[in-house]
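The sequence and the structure are shown first.

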Amino acid sequence: MRTKTLKKNKINVVTLGCSKNVYDSEVLMGQLKANNKEVVHEEEGNVVVINTCGFIANAKEESVNTILEYVQKKDQGVVDKVFVTGCLSERYKPDLQKEIPDVDQYFGTTELPGLLKALGADYKHELIGERLTTTPKNYAYLKIAEGCDRPCSFCAIPLMRGKHKSTPIEGLVTEAEKLAANGVKELVLIAQDLTYYGLDLYKERKLADLLRALVKVDGIEWIRLHYAFPTGFPMEVLEVMRKEPKICNYIDIPLQHIADPILKSMRRGTTKAKTTKLLKEFRAAVPEMTIRTTLIVGYPGETQEDFETLRDWVKEMRFERLGCFTYSHEENTHAFNLEDDVPEEVKMDRANEIMEIQSQISWELNQQKIGQEFKVVVDRKEGQYFVGRTEFDSPDVDNEVLIDASKFYLKTGEYTTVKIYEAEDFDLYGEVV
């Protein structure tokens, strides 16, 4: 028995869900490493921390299955301890404790010091901005705010992440400098809502000021904007984007729907006319901008007419990047009071129809790139190809550029100029110039 107590723990952090969770796992791992703990990300370890997602039904199911998988490993003696943190744990802790009691402890999204204590570590305040990044070395997520103040009817994020809380500009600049010193060249700015950034701290929206500060960080080549809410978008951001070469001509702006009755029920605070005007202003200000959006189909009360309004609008707007999800009926949200009245197969048919339209749009836009040259960053080598991205593509979600590894030798994390010679729906093929 004595030998077991002398064994050095190896802590395996398992991350589920979105980029905000990736960031939180990296902060946890940085703290553990500073406490001289052996920590790995999604590898073998005798102590497991599962950072869960609780956003929609599929994500919750994946989180629960992962917890059950590691509890079984604990029963088999493969792992010694299982801890659960993140959004699912924040939202359903009492239920989880009752249903899966073999987990050693559950922690919410704001209980990092308690989780560290359970892992035999101290929370070190001086480490703010320090993380152990899990992404490829050339890019990292920079979370500029936590939580959300928007009242969207379908969304459970405020339940799990609380009210909007911006991180001060100087703290983010320090964090960016540390990332750059470690070889990071691309910052992907994330928050539940970039548009709102600064309003709580400075009494005005400060995203443009933050960008002006971040472009001064040596070593950073690309800065990318993710998850900007359409209502109240600070238009001076477009001016900064146009002037500053480091800021990618790219924005992720989740629009969710466009039919006015659905937007009203979703409590999005906008209309079809206002949204269309905003996007036209984006295109006028930065003509080469790539716009990514996400849509929800099958929301309660969505009629065939509402769907057709959305479908026709997608055809008209020709988004460069688009994802479409089926509505998930989430308890404790405002929309949970409505009847989830669109059958599951209708939701799936509608989502597939939108994505088929988008595939065609993406193919047509990609054909226009043949013969053009682009600055490309190499993320990884996969099979016979180096896989890279242009400034118009975000990691994991967007198009990729494939470069034949038998003809060209490239290093991951490096930028190179590539000429496109072939294009598919979502992939480009290029040669190094």
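In the residue classes used here, Ala, Val, Leu, Ile, Met, Phe, Trp, Tyr, Cys and Pro count as nonpolar, Asp, Glu, Lys and Arg as charged, and the others, Gly among them, as polar. The model is predicted, with local features requiring pLDDT of at least 70 and side-chain atom pairs pLDDT 80 or more, while totals for chains, interfaces and linings use all residues. Residues are numbered from 1 along each chain as its sequence is written, and side-chain values use heavy atoms, leaving out hydrogens and water.

**Second largest pocket**

- The second largest pocket holds about 1000 Å³ of space (a pocket is an open set of points on a 1 Å grid over the protein atoms alone, where a 1.4 Å probe fits, with protein on both sides within 12 Å along at least five of seven lines; lining residues have an atom within 4 Å of a point; the volume is the space filled by probe spheres set on the points).
- Its lining comprises 35 residues, and Tyr23, Asp24, Val27, Lys143 and Glu146 are those nearest the centre.
- Two or more lining residues come from each of helix H2 (19–34), strand E4 (81–86), helix H5 (112–118), strand E7 (145–146), strand E8 (165–166) and helix H7 (169–181) (helices, H or I, of at least four residues and strands, E, of at least two are DSSP runs numbered from the N terminus).
- H2 is the element that gives the most to this lining, with seven residues.
- The lining of the second largest pocket consists of 11 nonpolar, 14 polar and 10 charged residues.

- Helices H9 (residues 207–214) and H10 (residues 236–243) pack at about 20 degrees with axes 8 Å apart (axes are lines fitted to C-alpha atoms over the stretch in contact, and angles run from 0 to 180 degrees between N-to-C directions).
- H9 is therefore roughly parallel to H10 (an angle under 35 degrees).
- Leu207, Ala208, Leu211 and Arg212 of H9 meet Glu236, Val237 and Val240 of H10 (contact means heavy atoms within 4.5 Å).
- Five nonpolar, no polar and two charged residues form this contact of H9 with H10.
- Helices H12 (residues 272–285) and H13 (residues 304–317) have axes 13 Å apart, at an angle of about 15 degrees.
- H12 is therefore roughly parallel to H13.
- In H12, Lys272, Thr275, Thr276, Leu279 and Arg283 meet Thr309, Trp313 and Met317 in H13.
- The contact of H12 with H13 contains three nonpolar, three polar and two charged residues.

- Helices H3 (residues 57–75) and H4 (residues 87–99) pack at about 80 degrees, with axes 11 Å apart.
- H3 is therefore roughly perpendicular to H4 (an angle of 65 to 115 degrees).
- Lys60, Ser63, Val64 and Ile67 of H3 make the contact with Leu88, Arg91 and Tyr92 of H4.

Key
Parallel < 35°, antiparallel > 145°, perpendicular 65-115°, else oblique.
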